[in-house]
Amino acid sequence: MLKGHLDMIVLAALAAAGSAHGYAVIEEIKRRSGGAFDLPEGTIYPALHRLEQAGMLRSTWTTADSGRRRRVYTLTRTGTRALVERRAVWKQFSDAIGGLLGGNRPRETPA
Amino acid sequence: MIPDYLESLARELDFDRSLSRCVREEVEDHLWEAVAAEPSGNTRQAQQRVIANFGDARAIAAQFAVVSLAQRTRRAGIAAVLVIAGDLVAMKARVAWYAAARWDISDGMRALRGLVILIDRYAFWMSVIIGLGALAYILSREIPAAFCPAFRRQLRCFSLLCSATAAALVVSVISDGVLTALQLQGMEPSVEIWVAIFTMAVEIACVGILLVHIRSMTLRAASTAALVKT
């Protein structure tokens, strides 16, 4: 379940954090989800590389205070668009499930 | 502990040296930052915990291998189109040189030349159509997160398209070679002849580049499959 939405989670965390390196993205995910997502931290990095390859992220190398080289990621316009689309799909899905489980009727979409 | 872990991760990613270097630096930054954030400080247990949270080096390398393979297939698609363009430029340059030098073929060879030109033309345009199709196919696919059956199918289809492009281009280059041989038949060795030979060498090099790309993509797919399997 989580694996299927990893890209959306990473994009959302980056949108919230602005430019961020891998560790900061993971911290942002933990913070915003209240620690609900307990995935191996290493899986974030292939996802970041994949999203960059797809043009949704851009990365630059900087030097951290520790003196180590750090790769910092930023959402591109394509990434922002992709996040908006995924958010809309998720909202629709979540409303539908909410309607099923809670008895609330999901808002009808205009024809 | 962290240096050992980084070493094993870099070793697993050895199939792509630049990726291996860059992932190693990125992960090193992550692991030391995570250790610094540990309440127990930089102890052996803290490093152990941070590495355990990060995940198995081989499993992470397998995920990177899929991303790297997807990138390689895209590069092969772009290379196919660029190689075709290079081939076309070399071909046109040679024909323009023949026209400028007012070289013509002997009457006895005209019929054979007509047939070879026909084969050359069909083979070349077939390579253009299939090559563009291969590029459009691979660029329209999402980069997969795993080496799943859908990605394997995608790879098989793309490899087939690339191989068909290369085969058509090989036929076109062989036809060009025959045409050049007919054109240069009986001519004395001179500087002018080298222009025709050079453009033929460019065409052969173009096909060679495409074949190298296809081979490297196939090898990478095999190594990714092996990494994912274990």
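This is a predicted model: local features need pLDDT of at least 70, side-chain atom pairs count only at pLDDT 80 or more; totals for chains, interfaces and linings use all residues.

Residues are numbered from 1 along each chain as its sequence is written, and chains are lettered from A, with ligands numbered from 1, in the order in which they are written.

**Sheet in chain A**

Helices (H or I, at least four residues) and strands (E, at least two) are DSSP runs, numbered from the N terminus. Two strands pair if DSSP finds at least two bridges between them. Chain A holds an open sheet of three strands in the order β1-β3-β2, with antiparallel pairing. Its edge strands, β1 and β2 of chain A, each pair on one side only. Seven bridges join β2(A) to β3(A). One of the bridge pairs is A:Thr60 with A:Val72.

| Strand | Residues |
|---|---|
| β1(A) | 20–21 |
| β2(A) | 57–63 |
| β3(A) | 69–75 |

**Helix α2 of chain A**

α2(A) covers residues 22–33 and spans 17 Å from first to last C-alpha, close to the expected 16 Å. That expectation is 1.5 Å times one less than the number of residues. A residue is buried if 20 or more other C-beta atoms, placed from the backbone, lie within 10 Å of its own; it is exposed at 12 or fewer and partly exposed in between. Buried residues of α2(A) include A:Tyr23, A:Val25 and A:Ile29. Their cover includes α1, β1 and α3 of chain A, together with α2 of chain B. After the helix comes A:Gly34, with a positive phi near 65°.

**Where the chains meet**

Residues are in contact if their C-beta atoms, placed from the backbone, lie within 7 Å. The contact takes 21 residues from chain B and 19 residues from chain A. On the chain B side, α2(B) gives the most, with 10 residues.

**Core and domains**

Chain B has domain 1 (2–55) and domain 2 (69–229), with bounds from an automatic or database domain assignment. Their centres, taken over C-alpha atoms, are 43 Å apart.

A nonpolar core is a set of buried Ala, Val, Leu, Ile, Met, Phe, Trp, Tyr and Cys residues joined through C-beta atoms within 7 Å. The largest has 68 residues, and A:Val10, B:Ala61 and B:Ala80 touch the most other members. Helix α4 of chain B gives the most to this core, with 15 residues. Both domains of chain B supply at least three residues each. Beyond its neighbours within four places in sequence, B:Ala80 has contacts that include B:Gly131, B:Cys162 and B:Leu210.

Notes: Two residues are in contact if their C-beta atoms, placed from the backbone, lie within 7 Å.
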